[in-house]
Amino acid sequence: MTLPLDGIRVLDSTYVFALPYTGGLLADMGAEVIKVEGPGRPDVTRTGGYAGAFPEGEHGKDWWNRPSTYNLIHRGKRSLTLDMTDERGRELFKQLVSVSDVVMENFTPRVMRGWGIDYPSLRNIKPDLVMVSNTGYGHGDGPYSGYPAQATTQEATHGHCWITGYQDGPPAKAGASFVDFLSTWTALFAIGAALRYRNKTGQGQWVDMGMYQAGVLFTSEYIMDAIANGREGARIGNRHQTRAPQGCYRALGEDQWITLSVGDDEQWRSLCRLLGQQDLAQDQRFVDILARQRNHDELDEIITNWTSTVDKYELMHLMQRQSIPSGPVLTGKDVHFDPHYKSRGFLERVTYPPERDMGTRPFIGRPYKFSKSPLKVQGPSPTFGQHNETLLQDLLGVDDGAYRELVQDAVIATVPTTGEPSPKIHPEQALERGLIAAWDSDYKEQLGI
Amino acid sequence: MSVGVFEGLKVLDLSEDIAGSFCARLLADYGADVLKLEPPGGAASRKMDPFFGDDPHPEKSLFNLVMNLNKKGATLNLEAATGRSLLKQLAQHVDVIIEAYRPGHLSQLGVGYQELSEINPELVMTSITPFGQDGPYSQYLGEEIVNYAMGMIMSISGVQGQEPLKHGGFQAQYEGGLNAAAATAMALFMQFNTGEGQHVDVSTTEVVASTMLATQTLYPFSGGTPVRRRPSGSMFGHPMPCADGWIIVQTGGGASWDDISEFFESPEMLEPRFSDQVQRAEHGEELDEIVLNNIRNRSKWELFPKAAQARMLFGLVQTPSELAECAQLESRDFYREIEHPVIGKIKVPAVLFNLSLTPYGQCAPAPTLGQHNQEIYVDGLGYSQQDLNRLRQLNVI
């Protein structure tokens, strides 16, 4: 055994970002991950606004297999389509459960019960099954348990918008779909733990996750401050409670930025040397952390006068050599050329078979390395229903006649029966509308793909 | 200690920061026997805001408290040769070591993965650092803001014309801890099956970068570089002020545009200038005016259940004290009460997820400094009471 999940089969009946991404990461670890979609219910990472970009902006003949987000998340998986509203679809799903180790789903509890594929039902089919359910607010009878939810709006509800925002400004969001990823990794943790327990004791179990709960846990210190001291926290932008100066400063070039964080007087003296103003270290306005916090605005101006004339990478090296924590704001383009990301192999190149007409594309790998198990992206994402035949005929033994009927009745399909590609916007138009910062027409040459 | 999915698993936690401590806490939450080893002066986390009653006492850091729930605690000075020999003795009997020192630090002291795995081949050692164990920046110093900047997330956060914005709090550190726990769980599954341990290397910057799906792929798919949003335009998908706070609304989900216009009691939203995504973006400011005008006198608490009824994707900006009193979280048994020897009884956020067969058990407070020295060194390793005193004198524990 060279990979942690060699020999583990995962039935991934989940949509959007959170658990589908868990599925991709499980595949990197050697699991056989089967993505299940309804013929009329293609994943939203294939359609609409969540899909990301198309290769060279072209929808191509099979647009549903080509979006970037779909391809990142579903790497290395197998694809099966099953209409769960048809009894045959549900029956085949249950047969697959009986030969799987893990089932992941994010349907509403009512739907799962109605289809007879909730945990108590599936446990009867596969007693040592590990099942993971992810919903917005978790199962149970709480006031929000039946509420619709999605990461963008949950970011407010679970407390993150309250603590995020420019200094003294209104609440804001940061990043994209933040809480989805907390669920991604929580599921990974829970699956590892539950599988180990299963191998130890022979017993499976049900993992019940609510994204809301994960988001709230990540603001624990603010909640403790409220419970113990009646304090509601504050938005402090890029500054720090106990370090100063800390911030994000303009660097040389358009929309280029450098961050730095000074934690003690020694780092402050080093920064003064770099600023070429050693006398500042003795200046009463900035002499200690308290003074620097009080006069932070003034200090920010002095720092910007320096940083705005120097390249962001050079700034990082200058400061890090003096043991001042510092790093440039890297864009989605920058990471492709950064020597550290390159050396770590964080972005992995996936080469598609010629018939996919997708070429070679680099994708985010994973943020952990195992010394003895070479984790890697195991292959490209599958096309819609690519493994219908293998899984249904070879694995489950569906005969030719029955298979043909499944195709005829659209219980399975290789083309989605609904959904549309996200509209094409030419990069120059996107630039003009301020939707992107820059566009390189020669990006393929630059990347060597 | 709670009995759970990791019952019987033995873990040493050498970390002093948020990420490492959180990782080890998650293992402890689900039943592992976790021993926190701190320098005799206490881990750095004991100096972290906020403090109970605003008193910066080493046992009153609320951050330290929540990061170290359900652990035991002993002191150990790794800078002393005797301290390192104690660590080696302890390492023989554990499944996992969690550490967050600068890459190479423990090896220089002779207690890195290489040395410890020779004593204990089944050991899983998890290292959490800003940039990972290798690569040109591995010796560089990280801070929350640096992880965020280099993890791409700041490049799309905040608004154009102003500086990129970091997330509030210490999200990268929590995320790093959660990833480390997940990777550790997988390495432990493999250890159980093969009898082999290994070294797990987690980079917090890469953790942050892992959330940038659309941001990373745009360039190799179409040559574009994503950017922060424009300062004006539709506030859909962003906090909007109402009578008693802020709400957030996203189109999509089970609600049609008709439902949304009815919710905002604004028939003018059905006019052609708002008929689709492109039109609405074009007339964003007019749209905002209509919506903001409607919610100016409405309460977020009135709007939230109504939006759910309309199957809208809706959120309200909750404050920390609102979260502390949330009925939904109570229904999930999310908060637990602990009895801390210095702070007393206090409620803490605890449960990340539910497990049907091995649920989250009792919740114990973070250990006080050196609380379990006697149990670990005398009862466990067999040192005498006199030895213990001597070790204390020598600043080893």
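User: How many Å separate the centres of domain 1 of chain A and domain 2 of chain A?
Analyst: Taken over C-alpha atoms, those centres are 43 Å apart. This is a predicted model, where local features need pLDDT of at least 70, side-chain atom pairs count only at pLDDT 80 or more, and totals for chains, interfaces and linings use all residues. Residues are numbered from 1 along each chain as its sequence is written, while chains are lettered from A and ligands numbered from 1 in the order in which they are written.

User: Where do the domains of chain A run?
Analyst: Domain 1 of chain A takes in 9-217 + 345-432, and domain 2 spans 246-331. The bounds come from an automatic or database domain assignment.

User: And how is chain B divided?
Analyst: Chain B has domain 1 at 10-211 + 329-393 and domain 2 at 240-316. The C-alpha centres of these two chain B domains lie 43 Å apart.

User: Which strands form the open sheet in chain B?
Analyst: Three strands do, in the order 8-9-10, with antiparallel pairing. Strand 8 (240-242) and strand 10 (313-316) of chain B are the edge strands, each pairing on one side only. From one strand to the next, the twist averages 35°. Strands here are DSSP runs of E, at least two residues, and helices are runs of H or I, at least four residues, both numbered from the N terminus. Two strands pair if DSSP finds at least two bridges between them.

User: How many bridges link strand 8 and strand 9 of chain B?
Analyst: Three bridges, with strand 9 covering residues 245-250. In one case, M240(B) has I247(B) in strand 9 as its bridge partner.

User: Which strands does helix 12 of chain B touch?
Analyst: Helix 12 (residues 284-295) packs on the sheet and touches strand 8 and strand 9 of chain B, its direction making about 30° with that of strand 8. Helix 13 (residues 300-309) of chain B also packs on the sheet, touching strand 8, strand 9 and strand 10, and its direction makes about 160° with that of strand 10. Contact means C-beta atoms, placed from the backbone, within 7 Å. Axes are lines fitted to C-alpha atoms, for helices over the stretch in contact, and angles run from 0 to 180 degrees between N-to-C directions.

User: New topic: where is W257(B) found?
Analyst: W257(B) is in helix 10 (residues 257-263) of chain B.

User: Why does W257(B) count as partly exposed?
Analyst: Because W257(B) has 15 C-beta neighbours inside 10 Å. A residue is buried with 20 or more other C-beta atoms within 10 Å of its own, exposed with 12 or fewer, and partly exposed in between, with C-beta atoms placed from the backbone.

Methods
Two residues are in contact if their C-beta atoms, placed from the backbone, lie within 7 Å.
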